[in-house]
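Here's a quick briefing to read alongside the structure. Have the viewer open and follow along.

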Amino acid sequence: MPSLNYKHLHYFWTVAKTGSVARAGERLHLTAQTISGQLTLFEENIGYKLFNRVGRRLELNDEGRMVFDYAERIFTVGEELEEALRFRPGGRALQLRVGVADAVPKAIAYLLLETALSMEEPIRIVCREGKLDALLAELAIHRLDIIIADSPMPANVDVRGYHHLLGECDTSFFATPELARRYKKGFPHSLDGAPFLMPGEDAAVRPRLLRWFEKEKIRPRIAGEFDDGALLLAFGDAGTGIFAAPTAIAAQVRKQYGLVQIGKTDAVREQFYAISVERKLTHPAVLAIQSAARDNLIVGSSHA
């Protein structure tokens, strides 16, 4: 086989990521004909077809998936090199690559991360949001330094990692002023039959809420279920239903959205963790986040 043509490999990688020659051409500012021709040359040079055509989409076959895995690693390292050169010592900011599980309220993530930005040493935060299992895969290949999550390190994933409890707090319930006038009096039993916005199945607080409802013999009317906390908050702000959020951000929710806190319970605790590949946290920015959690949340002990 001739020497690998890395330009052709990059074209292949872009087609695989975008799912079509046309979209790859748009991203690379080349015509679809150019991309298609170079991709054909690449396949001829390595001696394998890499895609199956499914309708208008191109899907990787077994050989294509293998080549893509290598290409992903190659070009990820290349991007990291570009970043290192762009922020080289002398003008280089300390970088923190953090994944935020989408079940973690955005206000909690900001509450923790903004402390790192106020460090004496300049810092550049790169945030990625997504499902916890996808973020763990990024952590495993060292594309993230930590993950902020609302649950400990899962036992059923093949990733070596450790969780560190940042803190916990009780849970408050919020509503628009109109809904609050109807349901604040007699809390928590006033929630029986009230429209309620439930966190999605990935949220660690969901089963705790359900157990609390059952214990208190409360049956709210579930008006919606949301994987994304920001979307849940938007529906709550629109008056679609009452919702729960960590008491640590109660003041922000009241001030920013004009919502009313109709009650709270210590029986439903929300916990937040830093997940890392290190048994002991060492990154200066992560240590600052851990310290901020002690000031803003009720903190328990760290463990692996």
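A residue counts as exposed when its relative accessible area is over 50%, as buried when that area is under 20%, and as partly exposed in between. Lys 217, at 71%, is therefore exposed.

**Overall picture**
- The protein chain has 11 helices and 10 strands.
- Its C-alpha atoms fill a box of roughly 75 × 50 × 35 Å along the principal axes.
- Of the 304 residues in the protein chain, 47% count as buried.
- The protein chain exposes about 16600 Å², with carbon and sulfur atoms supplying 51% of that area.
- Take the contacts in the protein chain with a separation of 6 or more: 76% of them come from residues 24 or more positions apart.

- Mean pLDDT for the protein chain is 86, and 92% of the residues reach 70 or more.
- Strand β7 (residues 195-199) has the highest confidence at 97, while helix α11 (residues 284-296) has the lowest, with a mean of 79.
- Over residues 299-304, pLDDT stays under 50, and the model has 16 contacts there beyond four places in sequence.
- Where pLDDT is low, the predicted coordinates should not be read in detail.

- Is strand β6 (residues 162-175) enclosed or open? With 14 of its 14 residues buried, β6 is largely enclosed by the rest of the structure.
- β6 pairs with strand β10 (residues 260-276) in the antiparallel sense, over 12 bridges. To find the pairing in the viewer, look for His 163, which stands opposite Ile 275 in β10.
- β6 also runs antiparallel to strand β9 (residues 242-246), with 4 bridges joining the two. Here Phe 173 has Ala 244 in β9 as its bridge partner.
- β9 is largely enclosed by the rest of the structure too, since 5 of its 5 residues are buried.
- β9 is also joined to β7, this time by 2 bridges and in the parallel sense. Phe 196 has Ile 242 in β9 as its bridge partner.

**Salt bridges**
- The count comes to 14 salt bridges.
- Glu 168 and Arg 269 form one of them, with the closest N and O atoms 3.1 Å apart. Glu 168 lies in β6 and Arg 269 in β10, so this pair ties together parts that are 101 residues apart in sequence. Both Glu 168 and Arg 269 are buried.
- Glu 225 pairs with Arg 206, the closest N and O atoms being 3.0 Å apart. Since Glu 225 lies in strand β8 and Arg 206 in helix α8, parts that are 19 residues apart in sequence are tied together. Glu 225 is partly exposed at 49%, whereas Arg 206 counts as buried at 14%.
- Glu 129 and Lys 106 meet through their side chains at 2.8 Å, N to O. Glu 129 is in strand β4 (residues 123-130) and Lys 106 is in helix α5 (residues 106-117), so the pair ties together parts 23 residues apart in sequence. Glu 129 is partly exposed at 43%, and Lys 106 is partly exposed at 32%.
- There's also a network of salt bridges, linking Lys 17, Glu 72, Glu 138 and Arg 143.

- Leu 4, Tyr 6, Met 66, Tyr 70 and Ile 74 make a nonpolar surface patch of about 500 Å².
- Which helix gives the most to the nonpolar patch? That's helix α4 (residues 62-86), with 3 residues.
- Ile 74 is found in α4 and counts as partly exposed, at 36% relative accessibility.

**Backbone spots to check**
- Phe 187 and Pro 188 are joined by a cis peptide bond, with omega about 10°. Pro 188 lies in the loop between α7 (177-183) and β7.
- His 29 isn't a glycine, yet its phi is positive, near 60°. His 29 sits in the loop between α2 (21-28) and α3 (32-46), and it's exposed at 72%.
- Lys 217 has a positive phi as well, near 55°. The loop between α8 (205-215) and β8 (221-226) is where Lys 217 is found.

How values were computed:
Residues numbered from 1 in each chain as written. Predicted model: local features only at pLDDT ≥ 70, side-chain atom pairs only at ≥ 80, totals over all residues. Heavy atoms only, no water. Patch = residues over 30% accessible without salt bridge, like charges linked within 9 Å, V, L, I, M, F, W, Y side chains within 5 Å. Areas by Shrake-Rupley, 256 points an atom, 1.4 Å probe, with all protein chains shown as cover. Salt bridge = Lys/Arg side-chain N within 4 Å of Asp/Glu carboxyl O. Buried < 20%, exposed > 50% of the residue type's maximum accessible area, 1.4 Å probe, protein only. Pairing = 2+ DSSP bridges. pLDDT = per-residue confidence, 0-100. Contact = heavy atoms within 4.5 Å.
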